[in-house]
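Subject: Structure for your review

Dear colleague,

My findings follow it, arranged by region.

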Amino acid sequence: MNPSSAGWIKKLLKELPKNNGFLEYRNEAFYDTLRACGFIYGSNLNIAAQIFPKSDFTEEELCKTNFILSLFYNYSKSKIKTSFTESVINFYTDINEIKTSFFQELLGGTKSNEQLEKIIHKRIQIDANVLTKNFNYFVINALLYVDVLAYDEYLKNESISIDYLKNLEASIVAITLDVLNSKENKNQYDDSLIKLFESSLRYHSSNNLDYKKAIKLIKNSQEKYYILDLACMATWSDQMIDVEEQQFLEKLGHDLQLDITRIHQSIKTVNKFYTVNKDNIALLSSKNIVQSFYNNSSKMVHKLITRNSKRLYKEIKDSKELMVLITQSTVRDLTKEEQKKVQDQLLDIFKSIPSLAIFLLPGGALLLPLVVKFIPKLLPSAFDENRIEE
């Protein structure tokens, strides 16, 4: 099986009956295998429960395999009558109907394994020339388990509530924020890490949850395990968990009504995983994930803006309100409402310029401040009072 070639899902599903012992695992045991191989942390280093030989799979191929196995595990526990492939495509179709996504061109028509392969590829893979692998694997793929949880909800009723996804993602941000605030010594990138998480989510609620409300929204065991492990991972981003951080994690586990043994196991597991595998995880290969992301993104955005300057200027010129707001952003800070208008109108413009489609992907919104930074250079000098000719 080669997860980078067409037909891999069909081959995987054909081989599963020979390697289906994992379907007998209880929910907690299977979740723990996903965590042990790195899927929960967004750094896949093996195949869950060693269901298939690791072979020479890349991290992306391991991630694809673990993702499908996670979805199939939930499917096997359900009573749904449609095929696995059709049910997963229907699930993503439901999400697409709730909010337009980059799956749009893949949905509709005959539901096939090939179509599902493209969806999984889109969900996981982001061009390494555009976003660093650190960002790709640590943030976006660490949130893949949200899809697994949501798919499990979908299987119960063959539909998915927008409130479930919004509440789960909002809870992740709220609790992660409290995790980082628990740090005894905060650095300048802690807030940026929160923004990375926020920008990688599907839904962005204007009403941010507080910690207590977020806790109340976490219902089943898998959600609780996942939230706690994400908190452990965010805490470990500076490569250590100090006393105050451990106390916070214990409080979080207690608030989630988890057994103290489970809490200590999560802390011990994240320490062991990153310590043992430090040489094989992209997150740990650079000084700081967020710093690396911004350094690479700034150059990429400047190149995209420059190459599309004429077309972009024409589109912005046609949008008078956007022109005014961008101009004003060079002399004052925009309000949150104005920033939202700029973001929405820029994304509408980017839809008409194919080479700027990267901004429509999950995480793409994080690049918009860089876009606004470079755009004033495209505007006529009459619109930019602070522009200095070089």
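How close do the axes of H11 and H12 come, and at what angle do they cross? The model is a predicted one, and in it these two axes come within 10 Å and cross at roughly 170°. H11 and H12 are therefore roughly antiparallel to each other. On the H11 side the contact is made by Ile-227, Leu-228, Ala-231, Cys-232 and Thr-235, and on the H12 side by Glu-245, Leu-249, Leu-252 and Gly-253. Sorted by class, the residues of this contact are six nonpolar, two polar and one charged.

Overall composition

The secondary structure of the protein consists of 18 helices and zero strands. Of its 390 residues, 52% are buried. Among contacts between residues at least 6 apart in sequence, 70% join residues at least 24 apart.

The nonpolar cores

The largest nonpolar core contains 83 residues, and Phe-39 and Tyr-226 are those with the most contacts inside it. Leaving aside residues up to four places away in sequence, Phe-39 touches Leu-34, Asn-44, Cys-63, Asn-66, Phe-67, Ser-70, Asn-141, Leu-144, Tyr-145 and Val-148. There is also a second, separate core of 21 residues, which includes Val-301, Leu-322, Leu-347 and Ile-375. As general background, nonpolar side chains in soluble globular proteins tend to be buried together.

Helices H3 and H5

The axes of H3 (residues 59–77) and H5 (residues 113–124) come within 11 Å, with a crossing angle of roughly 120°. That makes H3 oblique to H5, and the crossing is right-handed. From H3, the residues Glu-60, Cys-63, Lys-64, Phe-67, Ile-68 and Leu-71 meet Leu-116, Ile-120, His-121, Arg-123 and Ile-124 of H5. This contact of H3 with H5 has seven nonpolar, one polar and three charged residues.

Trp-8 is buried, with a relative accessible area of 3%. Not counting residues up to four places away in sequence, Trp-8 touches Met-1, Asn-2, Pro-3, Lys-64, Thr-65, Ile-68, Glu-117 and Ile-120. Although Trp-8 and Glu-117 are 109 residues apart along the chain, their C-alpha atoms are separated by 7.8 Å.

In H2 (residues 27–36), the buried residues are Phe-30, Tyr-31, Asp-32, Thr-33, Leu-34 and Arg-35. They pack against H3, H7 (144–157), H11 (221–235) and H13 (260–276). H2 is followed by Gly-38, which has a positive phi near 100°.

Cys-37 and Gln-50 are both placed in the loop between H2 and H3. Is each of them buried or exposed? Cys-37 is buried, with a relative accessible area of 4%, whereas Gln-50 is exposed at 62%. Cys-37 touches Ser-43, Asn-44, Leu-45, Asn-46, Ile-47, Ala-48, Asn-66 and Phe-273, not counting residues up to four places away in sequence. The C-alpha atoms of Cys-37 and Ile-47, ten residues apart along the chain, are separated by 6.2 Å.

Gln-50 has a positive phi of about 50° although it is not a glycine. Gln-257, likewise a residue other than glycine, has a positive phi near 60°. Gln-257 is found in the loop between H12 (243–255) and H13. With a relative accessibility of 67%, Gln-257 counts as exposed.

A position in helix H16

Ile-326 has its place in H16 (residues 320–328). Why does Ile-326 count as buried? The reason is its relative accessibility of 0%, as the cut-off for buried residues is under 20%. Between the C-alpha atoms of Ile-326 and Glu-338, which are twelve residues apart along the chain, the separation is 9.6 Å.

With kind regards

Methods
Residues are numbered from 1 along each chain as its sequence is written. This is a predicted model: local features need pLDDT of at least 70, side-chain atom pairs count only at pLDDT 80 or more; totals for chains, interfaces and linings use all residues. Side-chain values use heavy atoms; hydrogens and water are left out. A nonpolar core is a set of buried Ala, Val, Leu, Ile, Met, Phe, Trp, Tyr and Cys residues joined through side-chain atoms within 4.5 Å. Buried means under 20% relative accessible area, exposed over 50%, partly exposed in between (1.4 Å probe, protein chains only). Contact means heavy atoms within 4.5 Å. Axes are lines fitted to C-alpha atoms, for helices over the stretch in contact, and angles run from 0 to 180 degrees between N-to-C directions. Helices (H or I, at least four residues) and strands (E, at least two) are DSSP runs, numbered from the N terminus. Angles under 35 degrees count as roughly parallel, over 145 as roughly antiparallel, 65 to 115 as roughly perpendicular and the rest as oblique. A crossing is left-handed if the near helix is turned anticlockwise from the far one by less than a right angle, and right-handed if clockwise. Ala, Val, Leu, Ile, Met, Phe, Trp, Tyr, Cys and Pro count as nonpolar, Asp, Glu, Lys and Arg as charged, and the others, Gly among them, as polar.
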